[in-house]
Amino acid sequence: MTSIAIYTLTSELHSAEAVEAATREFLGSLSRHMNGGDVCPGHAAEGAIGPFDCRGDDFSDYGCHALDLIYVRTGGTEGIFKRLLPQLLQQSQRPLRLLTSGQSNSLAASMEMLAFLRQQGCQGEIIHGTATHIARRIALLARAGEALSRLRGCRLGIVGKPSDWLIASDVDRPMVSQRLGVELVDIAMQELLDTIASTPLRATHEEAPSKAIGDALPGAWQIYDALKTVVEHHELQGFTLRCFDLLTTVRNTGCLALARLNAEGIVAGCEGDVPAMLSMAVAQAAIGLSGFQANPARINPETGELLLAHCTIPLNMVERYDYDTHFESGIGVGIRGYMKEGPVTLFKLSGLLERCFIEEGELLRSQGEPGLCRTQQVVKPANAAAANYFLNDPIGNHHIVLPGHHRELLEEIMPIRE
């Protein structure tokens, strides 16, 4: 169950019994709106009420949950909040969320607290409104908090250096560690090449559309097996691969390996693109899919419609797929995948984490033109002005396509955007 902790601020001037009864009624209503749950047995100030872990006025473990809420139960609590604030800011870097019921001057006190918080240069918000609105907001914040918790402590590898053409895709490692809790691990390309050389070829009986692709499949699976070995050795949750080096060294591609590894929950990016890998890691933590890393190939400035293409796609994102060669080289094994048409989200973080692009839209079709990377998707953004972003101020080349609409969730996880 989602870890949602509720801490309380209460004035001694109010009747404890009345406040307890109001708390039980308020949180019980929120619980029923969130998941059909009911009030669990136990004391309202310290115990369980539906999905909420009620911590009372003991803030010692504040910041240790997917979502920490400060329930301002009464007015007259501003001084308590001011005394507590240094401790709260030390224990958590996330915005402070003030929950109000609309009773006992709770909202008025929360407004004074939020104003004081902003004066200190800190972030926060008041969660207030109908039970339906509050429950929806809490559920969204909890999902975002869970995603951030999954990211913290992740080790993501950079296998080989970023490709030479990624001249605008630098990364701020200290900021990545601070904001996302992610550790970037440099892995020499030679380590992968040595691992490939020591990995036996596996027999494969898959059907191939041509003899060349059939001959390349054992080597493509060998790259997959070798990458899994590297991932396990370095205890990685994901990586990005300088994959074009494989064309000249082992005369094959990593496209099949990346498609498989992404489907297994291991973030696997192309071309050593670290910002794209970070974007995929955020997506994996948020929705359980790392997304399709793709190049925008064509854009219609009038409608915003764009064609995105790449030679690999996570196999858990497609309805079906075919093998082909890698586009640029014409060798190895590439993937032509066909996603289900419908809602999608375009997503990209900058390597400095100072910008974020999020745009919802519709996947109109998958196609297979011969002159492009093998997986090709035509997407129409909901906002035609998205073309201005791509043509005037893009965050680099690669962008991530995610099935479904996820703007709200991604904005909560990464509250920096265009």
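A: Two strands pair if DSSP finds at least two bridges between them; strands are DSSP runs of E with at least two residues, helices are runs of H or I with at least four, and both are numbered from the N terminus. Before using that, some ground rules: this is a predicted model, where local features need pLDDT of at least 70, side-chain atom pairs count only at pLDDT 80 or more, and totals for chains, interfaces and linings use all residues. Residues are numbered from 1 along each chain as its sequence is written, and side-chain values use heavy atoms, with hydrogens and water left out.

Strand 7 (residues 155-159) pairs with strand 8 in the parallel sense over five bridges, and Gly-157 faces Val-185 in strand 8.

Now the cysteines. A disulfide is a covalent bond between the sulfur atoms of two cysteines, and here it is called when two cysteine sulfur atoms are within 2.5 Å. That rule gives zero disulfides. Cys-270 is in none, as the nearest cysteine sulfur, in Cys-243, is 5.1 Å away. Cys-270 is also buried, at 5% relative accessible area; buried means under 20%, exposed over 50% and partly exposed in between, with a 1.4 Å probe and protein chains only. Cys-356 is buried as well, at 0%, and its sulfur is too far for a bond, because the closest cysteine sulfur, in Cys-154, is 18 Å away.

Rings of Phe, Tyr and Trp (its six-membered ring) pair if their centres lie within 6.5 Å, with planes under 30 degrees apart called stacked, over 60 edge-to-face and the rest tilted. Phe-357 and Phe-390 are edge-to-face, with 5.4 Å between centres and 70° between planes. Phe-357 is in strand 16 (residues 356-367) and Phe-390 in helix 11 (residues 386-392), so the pair ties together parts 33 residues apart in sequence. Phe-357 is buried at 3%, and Phe-390 counts as buried at 10%.
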